[in-house]
Amino acid sequence: MPVSTHRSAATHSDSPLLTPEELGLSARNHGTPLEALRYSVTPIGMHYTLCHYDIPEVEAHRWSLEIEGRVRNRLALSLDALLARPAVTRRVTLECAGNGRALLSPRPISQPWVLEGVGTAVWTGVPLWMLLEEAGVLDGAVEVVCTGLDMGVRDGHERAYAMSLPLGEALREDVILAHTMNGQPLPPQHGFPLRLVAPGWYGMVSVKWLCRIAVASEPFRGGEQDVYRIQQSEDDEGVPVTRMLVRSLMVPPGIPDFLTRRRFLAPGRHLVTGRAWSGHGAIRSVEVSADGGKTWHPAELGPAESPQAWHPWSYEWLAGPGEHELCCRAGDEAGHMQPITQNWNVRGMANNAVQRVWVSVVA
(Lines give C-alpha, C1' and ligand atoms only; values in the text may rest on other atoms or scores of the structure.)
Protein backbone atom coordinates (compact mmCIF):
# COMPACT_ATOMS: atom_id res chain seq x y z
CA MET A 1 0.00 0.00 0.00
CA PRO A 2 1.21 3.58 -0.60
CA VAL A 3 3.03 5.12 2.33
CA SER A 4 3.95 8.79 2.57
CA THR A 5 7.60 9.61 3.24
CA HIS A 6 9.45 12.91 3.52
CA ARG A 7 12.91 11.55 2.84
CA SER A 8 14.49 12.10 -0.58
CA ALA A 9 18.20 11.44 -0.02
CA ALA A 10 20.73 11.42 -2.83
CA THR A 11 21.63 8.02 -4.30
CA HIS A 12 25.36 8.76 -4.67
CA SER A 13 28.03 10.87 -3.02
CA ASP A 14 31.40 12.18 -4.22
CA SER A 15 32.28 13.08 -0.63
CA PRO A 16 34.61 10.80 1.37
CA LEU A 17 32.42 11.53 4.42
CA LEU A 18 29.54 9.21 5.23
CA THR A 19 26.04 10.65 5.41
CA PRO A 20 24.05 10.41 8.67
CA GLU A 21 21.87 7.78 6.99
CA GLU A 22 24.89 5.65 6.12
CA LEU A 23 26.23 5.98 9.65
CA GLY A 24 22.88 4.80 10.97
CA LEU A 25 22.96 1.74 8.70
CA SER A 26 26.54 0.90 9.66
CA ALA A 27 25.63 1.15 13.34
CA ARG A 28 22.73 -1.31 13.15
CA ASN A 29 24.48 -3.75 10.80
CA HIS A 30 27.99 -5.06 11.27
CA GLY A 31 30.75 -6.78 9.32
CA THR A 32 33.10 -9.63 10.06
CA PRO A 33 36.43 -8.25 11.34
CA LEU A 34 39.10 -9.21 8.81
CA GLU A 35 41.18 -10.83 11.56
CA ALA A 36 38.30 -13.32 11.92
CA LEU A 37 39.35 -14.79 8.58
CA ARG A 38 41.66 -16.90 10.75
CA TYR A 39 38.62 -19.00 11.69
CA SER A 40 37.41 -21.56 9.18
CA VAL A 41 33.95 -21.13 10.74
CA THR A 42 33.07 -17.57 11.74
CA PRO A 43 31.88 -17.31 15.35
CA ILE A 44 28.24 -16.23 15.43
CA GLY A 45 28.99 -12.92 17.11
CA MET A 46 31.58 -12.05 14.44
CA HIS A 47 29.56 -13.17 11.39
CA TYR A 48 28.37 -10.25 9.28
CA THR A 49 24.73 -9.22 9.49
CA LEU A 50 22.62 -7.08 7.19
CA CYS A 51 19.03 -6.44 8.25
CA HIS A 52 17.26 -4.37 5.60
CA TYR A 53 14.36 -3.49 7.89
CA ASP A 54 13.60 -4.13 11.59
CA ILE A 55 14.36 -7.51 13.14
CA PRO A 56 10.87 -8.95 13.61
CA GLU A 57 9.64 -10.34 16.91
CA VAL A 58 8.70 -13.98 16.35
CA GLU A 59 6.92 -16.31 18.75
CA ALA A 60 7.99 -19.80 17.75
CA HIS A 61 4.74 -21.46 18.80
CA ARG A 62 2.71 -19.09 16.59
CA TRP A 63 5.01 -19.21 13.57
CA SER A 64 4.46 -21.40 10.51
CA LEU A 65 5.88 -21.79 7.03
CA GLU A 66 3.45 -21.78 4.12
CA ILE A 67 4.30 -23.37 0.76
CA GLU A 68 1.86 -22.45 -1.99
CA GLY A 69 1.49 -21.24 -5.57
CA ARG A 70 2.03 -23.63 -8.48
CA VAL A 71 1.93 -26.73 -6.28
CA ARG A 72 -0.40 -29.69 -6.01
CA ASN A 73 -0.54 -29.66 -2.20
CA ARG A 74 -0.37 -26.48 -0.14
CA LEU A 75 1.64 -26.97 3.05
CA ALA A 76 1.60 -25.19 6.40
CA LEU A 77 4.41 -26.41 8.64
CA SER A 78 5.08 -25.51 12.27
CA LEU A 79 8.60 -25.15 13.61
CA ASP A 80 8.21 -28.43 15.53
CA ALA A 81 7.19 -30.16 12.31
CA LEU A 82 10.30 -28.86 10.55
CA LEU A 83 12.58 -29.76 13.46
CA ALA A 84 11.21 -33.33 13.33
CA ARG A 85 12.17 -33.77 9.68
CA PRO A 86 15.47 -35.22 8.46
CA ALA A 87 18.11 -32.48 8.46
CA VAL A 88 21.40 -31.90 6.68
CA THR A 89 24.37 -29.75 7.65
CA ARG A 90 26.32 -27.51 5.29
CA ARG A 91 29.34 -25.25 5.83
CA VAL A 92 28.54 -22.24 3.63
CA THR A 93 30.17 -18.90 2.89
CA LEU A 94 27.75 -16.00 2.46
CA GLU A 95 28.79 -12.60 1.11
CA CYS A 96 26.68 -9.45 0.87
CA ALA A 97 26.19 -8.31 -2.73
CA GLY A 98 27.21 -4.79 -1.70
CA ASN A 99 30.51 -5.82 -0.12
CA GLY A 100 33.13 -3.23 -1.14
CA ARG A 101 30.54 -0.54 -1.97
CA ALA A 102 32.13 2.12 0.23
CA LEU A 103 35.34 1.95 -1.85
CA LEU A 104 33.60 3.12 -5.04
CA SER A 105 33.57 6.70 -6.28
CA PRO A 106 31.06 8.21 -6.48
CA ARG A 107 29.85 6.13 -3.55
CA PRO A 108 26.38 4.58 -3.78
CA ILE A 109 24.38 5.58 -0.70
CA SER A 110 23.48 2.38 1.12
CA GLN A 111 25.03 0.08 3.74
CA PRO A 112 28.68 1.30 3.53
CA TRP A 113 30.52 -2.00 3.40
CA VAL A 114 34.28 -1.80 3.04
CA LEU A 115 35.31 -5.48 2.81
CA GLU A 116 33.76 -7.07 5.89
CA GLY A 117 30.41 -8.22 4.48
CA VAL A 118 31.25 -11.93 4.41
CA GLY A 119 31.24 -14.90 6.80
CA THR A 120 31.13 -18.68 6.93
CA ALA A 121 28.84 -20.66 9.20
CA VAL A 122 27.70 -24.25 9.68
CA TRP A 123 23.99 -24.33 8.85
CA THR A 124 21.63 -27.19 9.66
CA GLY A 125 18.15 -27.54 8.26
CA VAL A 126 15.72 -29.23 5.88
CA PRO A 127 16.60 -29.45 2.17
CA LEU A 128 14.25 -27.21 0.21
CA TRP A 129 13.88 -29.74 -2.59
CA MET A 130 12.29 -32.24 -0.18
CA LEU A 131 9.52 -29.83 0.76
CA LEU A 132 8.95 -28.80 -2.85
CA GLU A 133 8.72 -32.46 -3.81
CA GLU A 134 6.18 -33.01 -1.03
CA ALA A 135 4.16 -30.03 -2.21
CA GLY A 136 4.29 -31.26 -5.81
CA VAL A 137 5.53 -28.59 -8.20
CA LEU A 138 3.18 -28.23 -11.19
CA ASP A 139 4.12 -27.79 -14.83
CA GLY A 140 4.84 -24.23 -15.86
CA ALA A 141 6.66 -23.27 -12.65
CA VAL A 142 9.75 -21.13 -13.24
CA GLU A 143 10.73 -19.55 -9.92
CA VAL A 144 10.49 -20.03 -6.17
CA VAL A 145 9.71 -16.81 -4.27
CA CYS A 146 10.75 -16.65 -0.61
CA THR A 147 9.22 -14.03 1.69
CA GLY A 148 10.34 -12.99 5.16
CA LEU A 149 8.53 -11.41 8.07
CA ASP A 150 10.59 -8.21 7.91
CA MET A 151 8.64 -5.23 6.55
CA GLY A 152 9.75 -1.83 5.31
CA VAL A 153 9.21 1.03 2.88
CA ARG A 154 10.91 1.52 -0.48
CA ASP A 155 9.94 4.09 -3.09
CA GLY A 156 7.02 5.14 -0.91
CA HIS A 157 5.44 1.68 -0.73
CA GLU A 158 5.24 -0.81 2.10
CA ARG A 159 6.67 -4.21 1.30
CA ALA A 160 7.85 -7.45 2.85
CA TYR A 161 11.38 -8.57 2.08
CA ALA A 162 11.18 -11.16 -0.70
CA MET A 163 13.58 -12.67 -3.24
CA SER A 164 13.31 -15.46 -5.78
CA LEU A 165 15.45 -18.29 -7.08
CA PRO A 166 15.04 -19.98 -10.47
CA LEU A 167 13.30 -23.30 -9.96
CA GLY A 168 16.38 -25.28 -11.01
CA GLU A 169 18.51 -23.49 -8.41
CA ALA A 170 15.90 -23.97 -5.67
CA LEU A 171 15.91 -27.71 -6.35
CA ARG A 172 19.67 -28.05 -5.84
CA GLU A 173 20.57 -30.49 -3.08
CA ASP A 174 22.67 -27.93 -1.18
CA VAL A 175 19.87 -25.33 -0.74
CA ILE A 176 18.40 -25.67 2.74
CA LEU A 177 15.93 -24.09 5.12
CA ALA A 178 18.18 -23.57 8.12
CA HIS A 179 16.99 -23.55 11.71
CA THR A 180 20.44 -23.96 13.30
CA MET A 181 23.65 -21.90 13.00
CA ASN A 182 26.97 -23.22 14.31
CA GLY A 183 25.09 -25.77 16.39
CA GLN A 184 22.72 -23.24 18.00
CA PRO A 185 19.17 -22.12 17.18
CA LEU A 186 19.22 -19.20 14.76
CA PRO A 187 19.81 -15.92 16.63
CA PRO A 188 17.19 -13.20 15.98
CA GLN A 189 19.53 -11.18 13.75
CA HIS A 190 20.26 -14.22 11.59
CA GLY A 191 16.62 -15.08 10.89
CA PHE A 192 15.03 -16.96 13.78
CA PRO A 193 13.25 -19.31 13.49
CA LEU A 194 14.00 -20.21 9.83
CA ARG A 195 15.99 -18.84 6.92
CA LEU A 196 16.94 -19.91 3.45
CA VAL A 197 20.61 -20.69 2.78
CA ALA A 198 21.51 -20.76 -0.92
CA PRO A 199 25.20 -21.67 -1.33
CA GLY A 200 27.06 -19.89 -4.12
CA TRP A 201 24.60 -17.01 -4.33
CA TYR A 202 25.10 -13.57 -2.84
CA GLY A 203 23.51 -13.30 0.60
CA MET A 204 20.42 -11.28 -0.39
CA VAL A 205 18.77 -14.49 -1.68
CA SER A 206 19.13 -16.29 1.67
CA VAL A 207 15.91 -14.77 3.03
CA LYS A 208 15.70 -14.53 6.83
CA TRP A 209 12.62 -14.88 9.08
CA LEU A 210 11.18 -17.04 6.32
CA CYS A 211 7.39 -17.39 6.44
CA ARG A 212 6.22 -18.09 2.89
CA ILE A 213 7.48 -19.96 -0.16
CA ALA A 214 5.50 -19.51 -3.37
CA VAL A 215 6.17 -21.42 -6.57
CA ALA A 216 5.59 -18.96 -9.41
CA SER A 217 4.83 -19.38 -13.11
CA GLU A 218 6.44 -16.08 -14.14
CA PRO A 219 9.52 -14.07 -13.11
CA PHE A 220 9.16 -12.25 -9.79
CA ARG A 221 9.76 -8.47 -9.74
CA GLY A 222 8.49 -7.57 -6.27
CA GLY A 223 10.10 -7.35 -2.83
CA GLU A 224 13.79 -6.50 -3.16
CA GLN A 225 14.18 -8.35 -6.45
CA ASP A 226 14.54 -5.19 -8.55
CA VAL A 227 16.92 -3.62 -6.03
CA TYR A 228 19.55 -6.29 -6.55
CA ARG A 229 20.49 -5.49 -10.14
CA ILE A 230 23.74 -4.33 -11.72
CA GLN A 231 22.93 -1.06 -13.50
CA GLN A 232 25.27 1.37 -15.25
CA SER A 233 22.76 4.22 -14.95
CA GLU A 234 19.48 4.91 -13.15
CA ASP A 235 17.43 4.24 -16.32
CA ASP A 236 19.39 1.10 -17.24
CA GLU A 237 17.32 -2.04 -16.62
CA GLY A 238 20.52 -3.87 -15.76
CA VAL A 239 21.02 -7.54 -14.99
CA PRO A 240 20.14 -9.45 -11.82
CA VAL A 241 22.73 -10.07 -9.11
CA THR A 242 23.10 -13.83 -8.81
CA ARG A 243 26.18 -15.88 -7.88
CA MET A 244 29.17 -14.59 -5.95
CA LEU A 245 32.11 -13.44 -8.06
CA VAL A 246 35.51 -14.88 -7.24
CA ARG A 247 37.20 -13.09 -4.35
CA SER A 248 40.04 -13.39 -1.85
CA LEU A 249 40.71 -11.52 1.36
CA MET A 250 43.75 -11.53 3.62
CA VAL A 251 44.15 -11.16 7.36
CA PRO A 252 45.95 -7.78 7.51
CA PRO A 253 49.43 -8.53 8.87
CA GLY A 254 51.11 -6.73 11.74
CA ILE A 255 49.34 -4.28 14.04
CA PRO A 256 47.06 -1.39 13.04
CA ASP A 257 46.93 2.33 13.49
CA PHE A 258 43.70 2.95 15.42
CA LEU A 259 42.01 5.31 12.95
CA THR A 260 43.44 4.57 9.51
CA ARG A 261 44.01 0.82 10.05
CA ARG A 262 47.37 1.16 8.28
CA ARG A 263 49.55 -1.77 9.33
CA PHE A 264 52.97 -1.83 11.01
CA LEU A 265 55.33 -4.77 11.33
CA ALA A 266 59.05 -5.52 11.64
CA PRO A 267 61.26 -6.57 8.71
CA GLY A 268 61.63 -10.28 8.09
CA ARG A 269 59.54 -13.26 7.05
CA HIS A 270 55.81 -13.08 7.75
CA LEU A 271 53.11 -15.60 6.92
CA VAL A 272 50.21 -13.81 5.25
CA THR A 273 46.99 -15.84 5.38
CA GLY A 274 43.48 -15.46 4.04
CA ARG A 275 40.42 -17.02 2.46
CA ALA A 276 39.13 -17.21 -1.11
CA TRP A 277 35.75 -18.20 -2.52
CA SER A 278 33.59 -18.13 -5.64
CA GLY A 279 30.01 -18.91 -6.54
CA HIS A 280 31.20 -20.27 -9.89
CA GLY A 281 33.28 -23.21 -8.72
CA ALA A 282 36.33 -24.22 -6.76
CA ILE A 283 39.28 -21.91 -6.15
CA ARG A 284 42.23 -22.81 -8.36
CA SER A 285 44.76 -20.10 -7.50
CA VAL A 286 45.57 -17.21 -5.17
CA GLU A 287 48.32 -14.68 -5.82
CA VAL A 288 49.83 -12.01 -3.59
CA SER A 289 51.49 -8.72 -4.54
CA ALA A 290 53.56 -6.46 -2.25
CA ASP A 291 53.84 -3.60 -4.74
CA GLY A 292 50.23 -2.66 -5.44
CA GLY A 293 49.67 -5.23 -8.18
CA LYS A 294 52.73 -4.70 -10.35
CA THR A 295 54.14 -8.16 -9.66
CA TRP A 296 52.36 -11.25 -8.36
CA HIS A 297 53.53 -14.36 -6.52
CA PRO A 298 51.61 -17.63 -6.03
CA ALA A 299 50.21 -18.39 -2.61
CA GLU A 300 49.81 -21.90 -1.24
CA LEU A 301 46.28 -23.27 -1.12
CA GLY A 302 45.26 -25.23 1.94
CA PRO A 303 42.84 -28.17 1.81
CA ALA A 304 39.27 -27.37 0.79
CA GLU A 305 37.02 -27.75 3.83
CA SER A 306 33.66 -27.67 2.01
CA PRO A 307 32.58 -27.19 -1.62
CA GLN A 308 30.24 -24.42 -0.44
CA ALA A 309 32.73 -22.58 1.77
CA TRP A 310 35.83 -20.44 1.43
CA HIS A 311 39.27 -21.87 0.78
CA PRO A 312 42.30 -21.16 3.04
CA TRP A 313 45.55 -19.88 1.56
CA SER A 314 48.93 -18.64 2.82
CA TYR A 315 51.96 -16.78 1.49
CA GLU A 316 55.37 -16.33 3.09
CA TRP A 317 56.36 -12.70 2.60
CA LEU A 318 59.92 -11.49 3.05
CA ALA A 319 59.17 -7.93 4.14
CA GLY A 320 61.89 -5.37 3.62
CA PRO A 321 61.91 -1.92 5.26
CA GLY A 322 59.69 0.69 3.64
CA GLU A 323 56.11 1.21 2.50
CA HIS A 324 54.25 -1.63 0.84
CA GLU A 325 50.81 -2.10 -0.70
CA LEU A 326 49.75 -5.72 -0.22
CA CYS A 327 47.14 -7.13 -2.58
CA CYS A 328 45.65 -10.57 -3.13
CA ARG A 329 43.61 -12.02 -5.97
CA ALA A 330 41.99 -15.38 -6.63
CA GLY A 331 41.01 -17.40 -9.68
CA ASP A 332 38.32 -20.08 -9.91
CA GLU A 333 37.83 -23.22 -11.96
CA ALA A 334 35.53 -21.37 -14.37
CA GLY A 335 38.47 -19.18 -15.41
CA HIS A 336 37.43 -16.02 -13.56
CA MET A 337 40.12 -13.83 -11.98
CA GLN A 338 39.63 -10.87 -9.64
CA PRO A 339 40.05 -7.50 -11.36
CA ILE A 340 42.63 -4.96 -10.24
CA THR A 341 40.05 -2.18 -10.37
CA GLN A 342 36.28 -2.34 -10.14
CA ASN A 343 33.75 -1.35 -12.76
CA TRP A 344 31.36 1.11 -11.09
CA ASN A 345 27.61 0.45 -10.99
CA VAL A 346 24.66 2.41 -9.60
CA ARG A 347 24.06 0.35 -6.46
CA GLY A 348 27.62 -0.83 -5.88
CA MET A 349 26.78 -4.50 -6.37
CA ALA A 350 29.09 -7.48 -7.00
CA ASN A 351 32.32 -5.59 -6.33
CA ASN A 352 35.21 -8.07 -6.28
CA ALA A 353 38.24 -5.85 -6.93
CA VAL A 354 41.45 -6.90 -5.21
CA GLN A 355 41.95 -6.03 -1.54
CA ARG A 356 44.65 -3.43 -0.81
CA VAL A 357 46.42 -3.21 2.55
CA TRP A 358 49.03 -0.53 3.25
CA VAL A 359 51.90 -1.79 5.41
CA SER A 360 54.77 0.14 6.94
CA VAL A 361 57.72 -2.16 7.61
CA VAL A 362 59.86 -0.57 10.32
CA ALA A 363 62.38 -1.81 12.82
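Is D155 buried or exposed? D155 is exposed, with a relative accessible area of 73%, where exposed stands for over 50%, buried for under 20% and partly exposed for what lies in between, computed with a 1.4 Å probe and protein chains only. The model is predicted, so that local features need pLDDT of at least 70 and side-chain atom pairs count only at pLDDT 80 or more, while totals for chains, interfaces and linings use all residues. Residues are numbered from 1 along each chain as its sequence is written, and side-chain values use heavy atoms, with hydrogens and water left out.

**Nonpolar cores**

- The largest nonpolar core has 65 residues, and those with the most contacts inside it are L65, W123, L177, M204, I213 and Y228; such a core is a set of buried Ala, Val, Leu, Ile, Met, Phe, Trp, Tyr and Cys residues joined through side-chain atoms within 4.5 Å.
- A second, separate core of 19 residues includes V286, A299, W313 and L326.
- If neighbours within four places in sequence are left aside, L65 is in contact with residues including L75, L77, L82, L131, L177, L194, L210 and I213, contact being defined as heavy atoms within 4.5 Å.
- In soluble globular proteins, nonpolar side chains tend to be buried together.

**Helix α3**

- Helix α3 spans residues 128-135, and within it L128, L131, L132 and A135 are buried; helices (H or I, at least four residues) and strands (E, at least two) are DSSP runs, numbered from the N terminus.
- An α-helix has 3.6 residues a turn, so residues three or four places apart point the same way.
- Just after α3, G136 takes a positive phi of about 80°.

**Salt bridges**

- The structure holds 18 salt bridges, each of them a side-chain nitrogen of Lys or Arg within 4 Å of a carboxyl oxygen of Asp or Glu.
- R159 forms one of these with E224, the closest N and O atoms being 3.6 Å apart.
- This pair links distant parts of the chain, since R159 belongs to strand β8 (residues 157-166) and E224 to the loop between β12 (210-216) and β13 (229-230), 65 residues apart; both R159 and E224 are buried.
- R221 forms a salt bridge with D226, with the closest N and O atoms 2.6 Å apart; R221 is partly exposed at 43% relative accessibility, and D226 is partly exposed with a relative accessible area of 31%.
- E169, R172, D174 and R243 are linked in a network of salt bridges, in which R172 pairs with E169 at a closest N to O distance of 4.0 Å, and R172 counts as partly exposed at 32% relative accessibility.

**Loop between β10 and β11**

- H190 lies in the loop between β10 (184-185) and β11 (195-197) and is buried, with a relative accessible area of 2%.
- Apart from its neighbours within four places in sequence, H190 is in contact with I44, H47, Y48, T49, M181, R195 and K208.
- P193 is also found in the loop between β10 and β11, and a cis peptide bond, with omega of about 10°, joins F192 and P193.

**Further backbone features**

- Another cis peptide bond joins S105 and P106, with omega of about -5°, and P106 lies in the loop between β4 (88-95) and β5 (107-108).
- D155, placed in the loop between β7 and β8, has a positive phi of about 55° although it is not a glycine.
- R261, found in the loop between β16 (255-256) and β17, has a positive phi of about 65° although it is not a glycine, and R261 is partly exposed, with a relative accessible area of 44%.

**Nonpolar surface**

- I255, F264 and V362 make a nonpolar surface patch of about 260 Å²; patches are made of residues with over 30% relative accessible area and no salt bridge, like charges being joined within 9 Å and nonpolar side chains (Val, Leu, Ile, Met, Phe, Trp, Tyr) within 5 Å, and accessible areas come from the Shrake-Rupley method with a 1.4 Å probe, only the protein chains shown counting as cover for residues.
- F264 is found in strand β17 (residues 263-265) and counts as partly exposed at 33% relative accessibility.
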